[in-house]
Amino acid sequence: MPRRKVKSLFHRTPRQGSLGVMTTDQIILFTLFGGVFVFLLWGRWRYDLVAFAALMLGVVLGVVETKNAFAGFGHSATLVVALVLVVSAGLVRSGAVFLITRTLVDASRKLGAHIALMGVVGGVLSAFMNNVAALALLMPVDIQTARKAGRAPSLSLMPLSFATILGGMVTLIGTPPNIIIASIRQDNLGEPFKMFDFAPVGGVTAIAGLAFVALIGWRFIPQKTGEHQSGDPMEDYAEYIAELVVPEDSKLIGQRVSSLNDDAEKADVAVIGIIQGGQRRYGSGQNRVIGAGDALVLEATPDALDEFRAAKSLQFADDKREDILRAEGEGLTVIEVVVTDQSRINGKTAQAVGLTWRQQAVLMGISRQGKTVRSQMRKTTVQTGDILLLLVAPENANSVTEWLGCLPLADRGLVVTDDKKVWLAIGLFGAAVLAASIGLVYLPVALGIVVVAYVLARIIPIAELYDHIEWPVVVLLGSMIPLGQALEASGGTELIAGSLVSLTDGMPPWAILTILMVVTMSLSDVLNNTATAIVAAPIGIQMAQTLGVSPDPFLMAVAVAASCAFLTPIGHKNNTLILGPGGYSFGDYWRMGLPLEILVVAVSIPAILVFWPL
């Protein structure tokens with residue numbers, strides 16, 4: 001291969017100096033990156049402010065061109081992160097997450113066993129679909145399981161993210177760096193890597209990494225001081241007494257109430273009675289045979305109540321009003337309000353004040369300081385201090401609260417699962433992933449189409465569309481990408497490459513491979529992993545030519561290292577995705593990520609030398 005072909009991959013600009021000599025722009029950019037990491041690790045100011053301030057400073061100092069200052073906000077990595085969060089919310093609303101948790105996940109499992117199971121599932125999925133899409137599917141499942149288990153999602157989200165990154169290394173389509181390196185091999189050596197050429201090295205490395213994450217790594221994740229295990233400040237008083245009606249075509253008809261107890265326990269729901277013929281029956285009601293139109297009396301949190309309703313295909317107590325709400329509004333939402341002395345409904349029933357026909361709202365449940373509500377929900381006299389769980393159209397939430405004269409509780413993000421659209425949501429998501437995997441549609445475009453389809457199908461209300469995006473994460477990525485591109489354009493990455501070639505002169509091949517991996521990993525933790533692969537792969541080929549050996553082991557080393565960005569939330573989109581939902585700080589990643597990266601190097605170097613000999 002002509003050496004000029006490799007060098008053409010580096011785009012020199014007039015501002016670049018020769019290798020080994022740093023230009024003014026390079027000094028400024030390296031200083032900016034150093035300052036960003038110092039402030040992010042310090043944690044005094046939020047990460048998005050630090051990153052955006054660095055970007056603005058780069059523009060003022062002239063190292064980032066003004067026309068490129070905000071290019072990062074339109075970059076594919078930024079768009080994928082934003083779109084994936086919206087798609088994840090749609091999968092939750094449609095009931096797809098409940099479907100997975102009911103069939104696969106048990107909240108009673110110990111944390112280590114849960115992480116191992118989710119890690120294996122995430123790793124396998126990531127091998128055959130884009131690892132960002134795999135995390136998008138499993139992240140809400142993990143969060144729901146953490147809530148049910150009463151632990152912080154931060155303890156399991158980072159292991160899940162790392163597992164999906166590791167699994168993506170096994171095949172050509174699992175992660176973008178593999179696709180890029182296969183393309184570079186074709187351009188320079190005449191033939192690309194095939195679908196499973198990455199499997200021997202990637203598989204061994206992934207198995208070792210998953211074992212570490214499941215057995216040891218999660219223990220390094222810091223628990224925030226004073227952080228509530230469930231993350232829900234209302235957990236201690238969020239149990240409601242509610243009613244769900246058995247529809248005429250229900251599979252529950254003919255079964256005894258007691259037969260529901262096992263499924264109810266898994267969903268954290270207590271079946272405390274049944275209403276038949278207008279009469280509530282407790283105790284002996286457990287032996288009653290369920291009939292069409294009967295109402296089950298339940299005690300549960302709003303999330304658990306919604307999960308149980310979706311799992312058993314039950315209806316709300318006022319199903320006719322529910323149908324009207326679905327037809328008139330953009331989906332349904334659940335609000336919680338506290339009854340005061342001055343509330344319109346105080347001392348009255350929901351039926352007496354005309355809650356349903358006056359305000360198009362359905363009373364789902366009542367929380368009354370641990371006391372059981374004995375009458376039917378609509379006929380229960382509401383008291384001061386009661387917390388009401390109301391089903392409303394999102395646009396009517398404020399007006400209903402004001403009309404009742406109640407005090408709204410803080411929004412906990414409660415949603416109503418529309419389980420009738422579960423397979424539609426899964427089908428749209430699966431089709432998009434398949435189309436992106438075979439190269440038919442660009443991944444951000446595929447995810448964008450899914451978001452549009454979710455809105456049109458009313459899986460996600462358009463009024464809530466932007467509420468699901470973690471905007472600080474978007475600002476972080478949008479700010480750091482132009483800085484990384486500026487570092488590459490200024491010759492900073494080529495400076496590193498030249499120093500690397502000089503440093504490894506005379507060393508044995510295994511040592512050179514090790515140094516190449518370490519440097520590539522370090523770059524991937526700072527730059528986007530796709531950009532790292534583009535820069536590091538030609539360096540690996542150049543090193544192999546200098547040594548007179550096969551370039552394949554060097555390309556494999558770059559492939560593994562470019563994907564294994566575990567030290568920061570900006571090196572890989574999966575790590576960025578969990579930053580907000582997990583409540584992590586910038587400095588939390590290296591605690592588990594550093595020993596994992598060391599393990600990856602220790603395992604993959606021998607595997608490369610065995611499967612891809614020099």
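Q: Is Lys 67 buried or exposed?

A: Buried means under 20% relative accessible area, exposed over 50%, and partly exposed in between, with a 1.4 Å probe and protein chains only. Lys 67 is exposed, as its relative accessible area is 70%. Keep in mind that this is a predicted model, where local features need pLDDT of at least 70, side-chain atom pairs count only at pLDDT 80 or more, and totals for chains, interfaces and linings use all residues. Residues are numbered from 1 along each chain as its sequence is written, and side-chain values use heavy atoms, leaving out hydrogens and water.

Q: Which residue forms a salt bridge with Lys 67?

A: A salt bridge is a side-chain nitrogen of Lys or Arg within 4 Å of a carboxyl oxygen of Asp or Glu. Here the partner is Glu 65, with the closest N and O atoms 3.8 Å apart. Glu 65 counts as partly exposed, at 40% relative accessibility.

Q: How many salt bridges does the structure hold?

A: Three. One of them joins Arg 185 and Asp 552, at 2.7 Å from N to O. Arg 185 sits in helix H9 (residues 176–189) and Asp 552 in helix H22 (residues 552–563), so the pair ties together parts 367 residues apart in sequence. Helices here are DSSP runs (H or I, at least four residues), numbered from the N terminus. Arg 185 counts as buried at 14% relative accessibility, and Asp 552 counts as buried at 10%.

Q: What about Lys 194 and Glu 191?

A: Their side chains meet in a salt bridge, 2.9 Å from N to O. Lys 194 is partly exposed at 49% relative accessibility, and Glu 191 is partly exposed at 39%.

Methods. Helices (H or I, at least four residues) and strands (E, at least two) are DSSP runs, numbered from the N terminus.
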